[in-house]
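Open the structure in your viewer and keep the selection panel at hand. The stops below go from the whole chain to single sheets and cores.

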Amino acid sequence: MTNPSSPAALRVIESDICIVGNGAIAKTAALGLAQAGFSVTLLGPPSHPAGPAANTADLGWDARVYALNHTAHNLLSSLKVWHALDQARVAPVDAMIVHGDGANAGGLAFDAYGAHTGTLAWIMEDRNLGQALDAALKFAQNVRFVEGRATGLLRADDSATVHLDDGTCIKSELVVGADGAQSWVRGQCDIGLDYRSYNQRAVVSNFACEKPHHGAACQWFTGAEGIVALLPLPGNQVSLVWSAPEALADTLRAESAQQIADRLAVYAADRLGALTPLQPELVRDFPLRLLRPHAMSAPRVALVGDAAHVVHPLAGHGMNLGFADVAQLIKTLGEREAQRSIGDTRVLARYERARKEDVLLMQLTTDGLARLFGADMEPLRVVRNLGLNLLDKLPVLKRRLISHAMGK
């Protein structure tokens with residue numbers, strides 16, 4: 001991977017693909033498409049001067065973690081990234097336990113044994129994943145990194161050109177928008193968007209637990225207080241993702257991490273014992289919303305990750321959808337007819353069709369569950385608890401749900 005290009009030295013950059021973005025999905029796309037034989041320019045925002053690199057083991061636990069499924073695992077393994085992760089900071093999920101709400105709370109449990117697999121998913125920090133991707137990119141062939149701010153996108157029949165504020169132009173056959181929920185690339189293509197706020201924020205932090213978690217991820221649908229998830233970290237440690245209504249989120253952010261731990265005792269004390277903040281100052285939050293772009297492609301443009309879809313985090317699959325986008329884009333471009341360009345509208349339409357069902361299913365599932373379990377009405381509480389209990393007693397349906405969640 002080359003160093004950021006100097007504007008004085010380079011005014012026009014040509015490559016097969018220009019990827020806009022600097023997150024995990026953008027970097028994975030750059031690696032995957034380069035290993036598939038395409039020349040790639042990865043365009044990211046200007047960076048701030050970095051301090052001395054720190055060893056991951058010397059750092060506290062990241063508040064932002066991901067639950068990666070088998071699709072993500074297989075893709076990262078094929079790109080030689082998985083084994084570059086700090087494995088001491090990756091926790092396998094061996095079971096998933098879902099709790100309903102109210103006096104007659106329903107319940108649902110999955111485990112790796114019942115799913116005929118070694119692991120349901122893997123929990124890892126954003127920092128761990130980012131450092132492994134950066135390390136892989138240093139040795140990547142056909143990847144050029146450019147820092148700059150995009151100001152315009154000009155699409156022609158045979159190419160697309162991204163213009164930067166310093167006068168540099170990046171010309172390619174295909175532009176991949178991997179630039180997040182507020183995607184600049186998507187905006188340049190006039191792709192319509194359905195947006196809805198959940199009026200919730202995800203409050204995240206990390207805790208040590210008194211009792212071992214045994215690799216189980218636990219989730220509580222609480223009704224009025226939102227959805228509480230405790231995900232296993234290595235050792236007797238867990239990561240909190242609390243999808244809380246706005247008013248409660250404000251209260252939680254005004255409290256200390258220990259006060260949040262005390263609140264969690266209502267749900268987790270029997271299973272995990274007392275919780276102690278790993279880093280008392282490290283509590284973060286981010287807004288929850290549903291974004292449904294009307295298309296995942298446009299002439300000479302493909303969208304991946306949050307640029308293409310944003311879902312509620314209750315299933316933990318937002319990042320997994322992005323990795324599945326990347327895997328499908330690589331596959332579709334590799335299988336195109338020899339005479340077709342990688343930016344051909346028909347080729348990109350195949351990519352979009354291949355992803356449509358998976359994305360729509362996840363959108364409908366997460367949105368439906370968020371609505372069902374967010375309503376604080378007794379008739380709905382009875383129905384959803386009965387539903388959880390019924391599903392728990394239907395092994396065939398449970399296995400199908402687990403298989404889909406794992407990305408198999």
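The tour that follows says what to select at each stop and what is there.

This is a predicted model, in which local features need pLDDT of at least 70 and side-chain atom pairs count only at pLDDT 80 or more, while totals for chains, interfaces and linings use all residues. Residues are numbered from 1 along each chain as its sequence is written, and side-chain values use heavy atoms, with hydrogens and water left out.

**Whole chain.** Select the protein chain and colour by secondary structure: there are ten helices and 21 strands. Helices (H or I, at least four residues) and strands (E, at least two) are DSSP runs, numbered from the N terminus. Of the 408 residues, 52% are buried, that is, under 20% relative accessible area with a 1.4 Å probe, counting protein chains only. The accessible surface comes to about 18,100 Å², and carbon and sulfur atoms hold 54% of it; the areas come from the Shrake-Rupley method with a 1.4 Å probe.

**Six-strand sheet.** Next, select the open sheet with the order E9-E3-E2-E13-E21-E20, whose pairing is mixed. Two strands pair if DSSP finds at least two bridges between them. E9 (143-147) and E20 (297-298) are the edge strands with a single partner strand each, so one side of each has no neighbour in the sheet. Show residues 17-20 (E2) and 40-44 (E3): these strands pair in the parallel sense over four bridges, and Ile19 has Leu42 in E3 as its bridge partner. Helix H1 packs on this sheet, touching E2, E3 and E9, and its direction makes about 170 degrees with that of E3. Axes are lines fitted to C-alpha atoms, for helices over the stretch in contact, and angles run from 0 to 180 degrees between N-to-C directions.

**Three-strand sheet.** Move to the open sheet E4-E8-E5, which has antiparallel pairing. Strands E4 (65-68) and E5 (91-93) stand at its edges. E5 pairs with E8 (residues 121-125) over three bridges; show Val93, which stands opposite Ala121 in E8.

**Cores.** Which residues touch the most other members of the largest nonpolar core? Select Ile17, Ile19, Leu68, Leu129, Val175, Phe323 and Leu333 out of its 73 residues. A nonpolar core is a set of buried Ala, Val, Leu, Ile, Met, Phe, Trp, Tyr and Cys residues joined through side-chain atoms within 4.5 Å. Helix H1 (residues 24-35) gives this core its largest share, eight residues. Finally, centre on Leu68: its contacts (heavy atoms within 4.5 Å) include Trp82, Ala121 and Phe323.

How values were computed. Buried < 20%, exposed > 50% of the residue type's maximum accessible area, 1.4 Å probe, protein only. Lists of a residue's contacts leave out its neighbours within four places in sequence.
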